[in-house]
Amino acid sequence: MVNEIDQYLITKDTGFYVDCTFGGGGHSLFVLNKYKNIKIIAFDQDTDSLKRFNENSDLQKFKDRIIFCHDNFRNIKENLQKLNIEKVNGLLADLGVSSKQLDDKTRGFSFNSDDFLDMRMNKEQDLTAYDVVNTFSKDKLQDIFFKYGEESFSKQIAQKIVEERLKGNIKTCNQLKDIICKVKWSKGKINPATQIFQALRIFVNDELGSLQDLLNSISDVLDIGARAAFLTYHSLEDRLVKQSFKEDENLKIINKKVITACEEEIKTNPRSRSAKLRVAEKIL
Ligand SMILES: C[S@@+](CC[C@H](N)C(=O)[O-])C[C@H]1O[C@@H](n2cnc3c(N)ncnc32)[C@H](O)[C@@H]1O
């Protein structure tokens with residue numbers, strides 16, 4: 001949703017903008033190409049993103065206008081302080097995992113694979129999905145599945161996992177998917193394991209905790225008149241953004257109705273089908 005980001009986020013064509021979720025750098029690259037006087041502070045907690053930034057010649061052309069912070073975006077204030085940047089002219093967060101992370105066979109995000117059950121965005125973190133699935137109690141698993149996957153079979157799936165792991169550790173994504181499919185059958189096109197994989201990923205990466213910390217920081221880092229744009233991909237994230245914008249008296253909501261991708265974009269980028277864009281402006 002590059003055009004929508006351009007239209008709603010960029011209020012000044014100079015100064016610093018923060019890309020909280022650099023990924024492959026698509027959004028940053030668009031802004032850097034179009035606005036010659038904008039500089040970007042780019043965050044990503046995944047070292048693969050930093051590697052891509054260092055190795056991609058299109059991005060390296062702009063290395064004087066990008067500062068890369070290999071950190072969780074929840075630490076935005078500390079990072080900006082270190083860089084002596086008081087306020088920024090805009091902030092973008094395109095949440096979740098990138099298609100590169102989903103496709104990478106070593107990362108364990110995708111349920112149709114024999115990948116190790118990893119699911120860490122930050123490879124330097126200790127906790128993996130394997131640890132959660134193989135060591136957490138039945139009640140804790142049920143709680144995670146219900147809270148972060150809104151899975152109605154949470155109890156039965158947690159029970160089945162605990163039974164199955166007595167036979168040997170559950171190591172791969174396919175093993176876990178097969179266990180889930182013993183309890184829950186496929187309805188239509190959506191894989192029965194989708195919500196459990198989403199729940200594990202959110203828990204392992206503390207995605208909602210990081211998002212809340214970022215939301216709590218935005219009015220401190222934005223200049224007056226600057227905007228924050230959040231692209232969310234599931235209802236838990238969207239609810240958090242909507243609520244936080246509403247409660248922050250320093251912000252004015254720019255779009256009461258969420259902005260979604262156009263049909264044309266959905267055709268070329270199916271992931272954009274579930275994207276919701278919310279934008280707020282710092283007013284006080
Ligand atoms: C959907 S992708 C962003 C894609 C990017 N907009 C592009 O154009 O290529 C999300 C990226 O944000 C990173 N990410 C997610 N949560 C993060 C967090 N809390 N802190 C830092 N990076 C995060 C992920 O590692 C991933 O690379």
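**Exercise 1.** Does Tyr17 count as buried or exposed, and why?

*Solution.* Keep in mind that you're looking at a predicted model. Start by locating the residue: Tyr17 sits in strand S1, which covers residues 14–19. Next, count neighbours: there are 25 C-beta neighbours inside 10 Å of Tyr17. The cut-off for buried is 20 or more. Therefore Tyr17 counts as buried.

Now see who those contacts are. Leaving out residues up to four places away in sequence, Tyr17 touches Val31, Ile38, Ile40, Val88, Asn89, Gly90 and Leu91. Take Ile40 from that list: Tyr17 and Ile40 are 23 residues apart in sequence, yet their C-alpha atoms are 5.0 Å apart in space.

**Exercise 2.** Work out how helices H8 and H11 are arranged.

*Solution.* First find them: H8 runs over residues 138–149 and H11 over residues 194–204. Their axes come within 8 Å and cross at roughly 95°. An angle from 65 to 115 degrees counts as roughly perpendicular, so that is how H8 lies to H11.

Then look at who makes the contact. H8 brings Ile144, Phe145, Tyr148 and Gly149, while H11 brings Gln195, Ile196, Gln198, Ala199, Ile202 and Phe203. Sort these residues by type and you get seven nonpolar, three polar and no charged.

**Exercise 3.** How many residues surround the ligand, and which are the closest?

*Solution.* Count the shell: 20 residues surround the ligand. The closest are Thr21, Gly23, Gly24, Gly26 and Ser98. Sorted by type, the shell holds four nonpolar, 12 polar and four charged residues.

**Exercise 4.** Step back and describe the whole protein chain.

*Solution.* Begin with the secondary structure: 14 helices and seven strands. The radius of gyration is 20 Å, close to the 19 Å that the globule rule gives for 284 residues, so the chain is as compact as a globular protein of that length. Of those 284 residues, 39% count as buried.

How values were computed. Residues are numbered from 1 along each chain as its sequence is written. This is a predicted model: local features need pLDDT of at least 70, side-chain atom pairs count only at pLDDT 80 or more; totals for chains, interfaces and linings use all residues. Helices (H or I, at least four residues) and strands (E, at least two) are DSSP runs, numbered from the N terminus. The radius of gyration is taken over C-alpha atoms; the globule rule is 2.2 Å times the number of residues to the power 0.38. A residue is buried if 20 or more other C-beta atoms lie within 10 Å of its own, exposed if 12 or fewer, and partly exposed in between; C-beta atoms are placed from the backbone. Axes are lines fitted to C-alpha atoms, for helices over the stretch in contact, and angles run from 0 to 180 degrees between N-to-C directions. Angles under 35 degrees count as roughly parallel, over 145 as roughly antiparallel, 65 to 115 as roughly perpendicular and the rest as oblique. Two residues are in contact if their C-beta atoms, placed from the backbone, lie within 7 Å. Ala, Val, Leu, Ile, Met, Phe, Trp, Tyr, Cys and Pro count as nonpolar, Asp, Glu, Lys and Arg as charged, and the others, Gly among them, as polar. A residue is near a molecule or strand if its C-beta atom, placed from the backbone, lies within 6 Å of it.
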